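Hi,

Here is the structure I promised to pass on. Have a look at it first, and my notes on what turned up follow below.

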Amino acid sequence: MAQATITRTTDARGTGPVRRSRGRRHRGEDLTKILFVLPAAVAMVALFGYPVVKNLLMSLQDYGLRTFFTGAAPWVGLKNYSTVVTDNLFSDAMVNTALFTIGSIAFQFVIGLALALFFHRRFPLSGVLRSLLLLPWLLPLIVSSATWRSILEQDSGILNRTLSWLHLINEPVPWLNSPSVALIAVIGVNIWIGIPFNVTLLYSGLAEIPDELYEAGQLDGATGWRAFWFITWPNLRAVASVLLMLGVVYTIKVLDIILGLTGGGPANATQTLATQSYERSFIDFKFGEGAALSNILIAISFLFAIFYLRSTRRAIDE
Amino acid sequence: MNDSAVRRAVYTVIGVLILVVMLFPVYWMLNASLQPSGNTLTAGFLPLHPTFSGYQRALSEQGGNLVTSLIIATGTVILSLAIATPCAYALSQFRSRWVSVGLLAILISQMIPGIVIANALYTAYERIGLLNSIPGLILANCASGIPFAILILRSFMLSLPPSLVEAARVDGAGLFRAFVAIVLPISKNSLITAGLFSFLFSWSDFLFALTLTTKGGVRPVTLGIYQYLGTQVQNWNAVMATAVLSAIPAIVLLVAAQKYIAAGAIGGAVK
Amino acid sequence: MISKRIAAVLAGATTVSLVLAACGSNGEDSSPASSGDSVKSLTILDYYNNDPDKSLVQKGLDSCASQLGITIQRETVPGDTLIQKVLQQASSKTLPDVLMLDNPDVQQIAATGALAPLNDMGLSGDGVIQGMVDATSYQGKLYGLAPVTNTIALFYNTQMLQEAGVQPPKTWDELKAAAKKLTKPGRYGIAFNANATYEGSWQFLPAMWTNGGDETDLNTPQVSEALQLWVDLVQSGSASKSVINWTQGDAKDQFVAGKAAMMVNGPWQIPALEKTPNVKWEVVTFPLNKPDQTPVAPLGGEAWTVPLNKDQAKQQKAADFVKCLNSDENELAWAKARFTIPTKTALLDQYVKEVPSMKAFTEQVKTARSRTGKLGEKWPEAAKVIYQAIQLALTGKASAQDAFKQASGG
């Protein structure tokens with residue numbers, strides 16, 4: 001199937017500038033290339049070098065409230081990891097994190113893609129409407145979670161009021177009050193927050209696909225679904241994969257939304273690894289354990305990152 | 001009215017409906033901001049007896065914070081793009097085994113909890129005197145802006161035909177000049193997208209603002225809103241009003257940027 | 001500077017005698033001479049980040065600053081981020097000279113060795129409510145002083161009770177009956193906070209402590225009976241199922257909106273209640289399980305502490321500043337302006353006379369105790385078990401009898 005897809009880069013790829021540049025401008029060229037990367041490399045090391053190392057070390061230490069004042073943090077090896085992994089809540093938090101991440105990303109992406117395709121059709125106001133879609137991102141999270149809490153309120157919330165007015169429900173739904181529903185509600189809110197991000201990036205990806213490809217495809221009979229499958233999707237793949245990758249990384253560590261909506265409740269039904277990590281660090285002041293949990297989160301994202309890198313490398317080498 | 005005009009009008013109607021659903025919570029916040037209590041417990045669908053006291057308060061107290069937020073967010077966009085774009089180009093076009101290492105490092109940086117970064121920056125800023133300063137906050141917000149922009153720009157630049165740059169190089173342009181003259185203009189669309197999100201990340205930042213300021217001087221609106229959210233007493237009416245007001249200049253900016261994207265997409269038909 | 005002095009004099013004009021007494025009595029051991037005049041300014045960190053509290057506290061701080069002849073640099077942060085800020089500043093050795101802490105946090109921070117014992121610098125907890133001294137002492141030494149305190153009690157909507165022919169409840173049975181009778185479509189009998197935070201535990205304490213329950217052993221009938229009260233109120237439909245997500249602010253919103261006839265809440269809500277004059281309310285102490293019990297509620301309020309400082313003169317000046325904040329004059333000024341209660345027992349009668357609406361709360365404070373009084377720095381662990389047990393019981397995941405065992409991981 002891969003050969004049948006139409007992408008715009010395959011033709012020129014093999015004769016890229018790099019291979020040709022192994023000539024007389026060789027050395028100066030290498031220097032320029034380094035200069036392209038240098039500012040970013042410096043910025044990354046300055047902004048992240050210390051925190052990354054610190055987080056790793058912290059997870060191997062008994063890092064408590066006292067440490068901040070005295071600096072003393074005895075090494076405890078992997079004890080923090082065993083403590084957090086054997087905790088009663090760990091498996092629940094793990095499952096919730098998986099459900100939260102998969103649920104959020106799947107719906108954000110699919111809805112985002114549908115909306116991006118829709119807005120890609122040029123019609124009056126499409127640009128303005130699409131930019132207004134970003135409005136939720138301009139609201140402080142404390143405000144949007146408070147608003148959602150009031151919308152989802154069991155007794156007086158507008159959602160239940162509307163649903164029962166439409167006779168869709170007989171009993172008010174305990175959106176945030178029932179351990180079996182709360183996670184769904186929280187995922188729903190997170191999907192809402194994530195859609196604008198997905199729409200905007202996918203739309204930009206769509207906008208980059210030259211019309212000529214579709215014109216060429218039309219000659220081969222690729223229209224409608226076939227056009228999507230053989231032209232749109234392959235050309236969107238680079239953007240889509242980075243988007244999904246970032247989606248995983250950002251979603252897996254979502255904290256404020258859950259804290260703002262349920263605080264991990266009711267009865268721990270919405271605890272994720274991220275909320276647990278936060279709780280251990282800033283409620284229990286066991287920073288070593290909090291760091292251990294966040295490193296477990298990082299390790300999970302890391303697996304996705306490797307996966308992502310392999311898939312993009314394949315895309316380049318194709 | 002011909003067929004396609006009708007169809008396009010239908011699309012607009014559908015688009016508006018989608019927006020109505022998606023933005024309902026924003027409307028609900030607007031509704032709350034017009035209630036004296038700042039909540040919608042007793043509110044109907046429409047704010048029939050609106051009060052503007054929250055707005056009066058927000059206007060008189062948050063104006064400066066709003067400007068601070070705009071300056072920081074704009075600064076973050078400029079700095080992030082300036083640093084990220086060449087790097088993204090390099091990572092998309094140069095062939096080296098370091099590319100994967102670089103990408104992995106960038107991805108890992110995005111996995112670190114914000115609070116860990118904020119704490120580390122606090123210690124560093126305290127030593128070099130960047131606390132309570134706009135440049136300090138811009139730099140900190142670049143911690144989300146730069147890696148994000150690199151990843152996004154790179155994924156767009158992967159599809160740049162190298163022949164474009166080659167053509168310029170044949171004319172004797174250096175790698176850097178070719179980058180500025182050819183790559184940048186053609187990437188306008190993706191630059192704006194990456195810039196847009198750098199703006200949004202920085203705009204919604206609360207953590208860095210809280211951590212890296214110790215007095216009232218430099219205060220973005222996300223922090224300013226806490227003027228109304230005390231430990232025990234919350235003035236939601238003013239909170240909601242501030243949120244509405246602060247969204248207005250930003251959304252104007254975004255609509256303008258999106259217009260630019262549309263223009264860019266058409267102008268980018270060079271390919 | 002001069003105008004500040006004048007303001008301070010005016011502020012204290014009504015209680016000049018108290019000022020003189022406060023300055024004169026212990027003046028010897030902490031006189032400005034010992035702290036030296038080299039100290040010109042102090043930095044202060046607190047979480048009164050919103051008005052009116054922010055500016056009311058500022059007034060007290062300013063008046064003490066001008067009494068001591070110094071200037072102050074004050075930083076205010078949102079309440080739930082204070083500890084985070086303190087930790088950052090601790091690790092970079094940039095703690096302020098005067099630090100406000102919520103009273104249950106004092107022992108934890110004192111245990112790290114970050115705070116200076118105040119006894120050595122001429123301060124004492126003499127005359128202060130014992131519960132508050134317990135909260136701000138660690139291993140026999142005093143580390144902070146709270147000028148004012150607060151607690152929670154039962155607010156009720158006088159009009160609604162009157163219409164329903166219900167008397168303010170004195171016992172749990174009356175409370176349940178009243179709540180049931182006051183419940184009608186669109187309105188619950190009572191609102192309280194049972195959320196999964198320390199606030200949820202705090203709201204539970206009046207019931208738990210009054211019934212003889214104790215945080216040192218949560219697996220007792222006294223504690224589970226108290227939890228049963230919450231369960232009964234929710235299961236009978238007299239309280240919303242949403243209480244497991246409500247903050248105290250939410251409970252107040254429900255009360256103000258007429259969607260709850262009673263609420264468990266603190267006096268800091270009074271300014272907000274006064275903004276809606278059509279809601280008429282009164283306050284009574286939290287009901288008792290059995291008539292012979294005494295109400296025991298938790299003490300709230302923030303203590304002012306002095307982080308250890310290499311600069312001895314500065315540390316002493318900071319201690320003097322805390323002392324000034326805890327002068328009779330300032331206690332009364334803050335209590336009156338902010339609907340809080342002075343912590344010195346000798347001031348209580350005068351205070352109730354001047355602010356009658358605070359009578360029930362003042363009564364409640366007299367017998368109240370502090371959260372960290374018994375467990376000290378171990379309190380947070382118990383508090384966590386409490387709120388988790390409440391969540392389990394109210395969501396039906398455990399019975400009131402089993403909830404505490406389950407929440408403590410048993």
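Let's start where chain C meets chain A: 22 residues of chain C and 22 residues of chain A make the contact, with two residues counted as in contact if their C-beta atoms, placed from the backbone, lie within 7 Å. On the chain C side, helix 5 (82-91) and helix 18 (379-394) are the elements that give two or more residues. Helix 5 of chain C gives the most, 4 residues. By class, the side of chain C that touches chain A splits into 6 nonpolar, 13 polar and 3 charged residues.

Some housekeeping before I go on. This is a predicted model, so to speak of a local feature I needed pLDDT of at least 70, and side-chain atom pairs count only at pLDDT 80 or more, while totals for chains, interfaces and linings use all residues. Residues are numbered from 1 along each chain as its sequence is written, and chains are lettered from A and ligands numbered from 1 in the order in which they are written.

As for terms, helices (H or I, at least four residues) and strands (E, at least two) are DSSP runs, numbered from the N terminus. Nonpolar covers Ala, Val, Leu, Ile, Met, Phe, Trp, Tyr, Cys and Pro, charged covers Asp, Glu, Lys and Arg, and the others, Gly among them, are polar.

Now chain B against chain A. Here 83 residues come from chain B and 75 residues from chain A. Helix 12 (residues 236-267) of chain B gives the most to the chain B side, with 12 residues. That side of chain B has 59 nonpolar, 18 polar and 6 charged residues.

Inside chain B, have a look at helix 6 (residues 134-157) and helix 9 (residues 188-203). They pack at an angle of about 155 degrees with axes 9 Å apart (axes are lines fitted to C-alpha atoms, for helices over the stretch in contact, and angles run from 0 to 180 degrees between N-to-C directions). That makes helix 6 of chain B roughly antiparallel to helix 9 of chain B, the label for angles over 145 degrees, with under 35 roughly parallel, 65 to 115 roughly perpendicular and the rest oblique. Among the residues making the contact are B:Phe148 and B:Phe156 of helix 6 and B:Phe197 and B:Phe201 of helix 9. By class, this helix contact has 8 nonpolar, 7 polar and no charged residues.

Back to chain C, which has an open, mixed sheet of 4 strands in the order 9-10-8-11 (two strands pair if DSSP finds at least two bridges between them). Strand 9 (188-191) and strand 11 (281-284) of chain C are at the edges, each with a single partner strand, so one side of each has no neighbour in the sheet. The twist averages 20 degrees from one strand to the next. Strand 9 of chain C pairs with strand 10 (residues 260-265) of chain C in the parallel sense over 3 bridges, and C:Met263 in strand 10 is the bridge partner of C:Ala191.

Finally, chain C is assigned domain 1 (2-149 + 301-366) and domain 2 (153-297 + 375-407), with bounds from an automatic or database domain assignment. Their C-alpha centres are 31 Å apart. Domain 1 of chain C puts 12 residues into the contact and domain 2 of chain C puts in 13 residues.

Cheers
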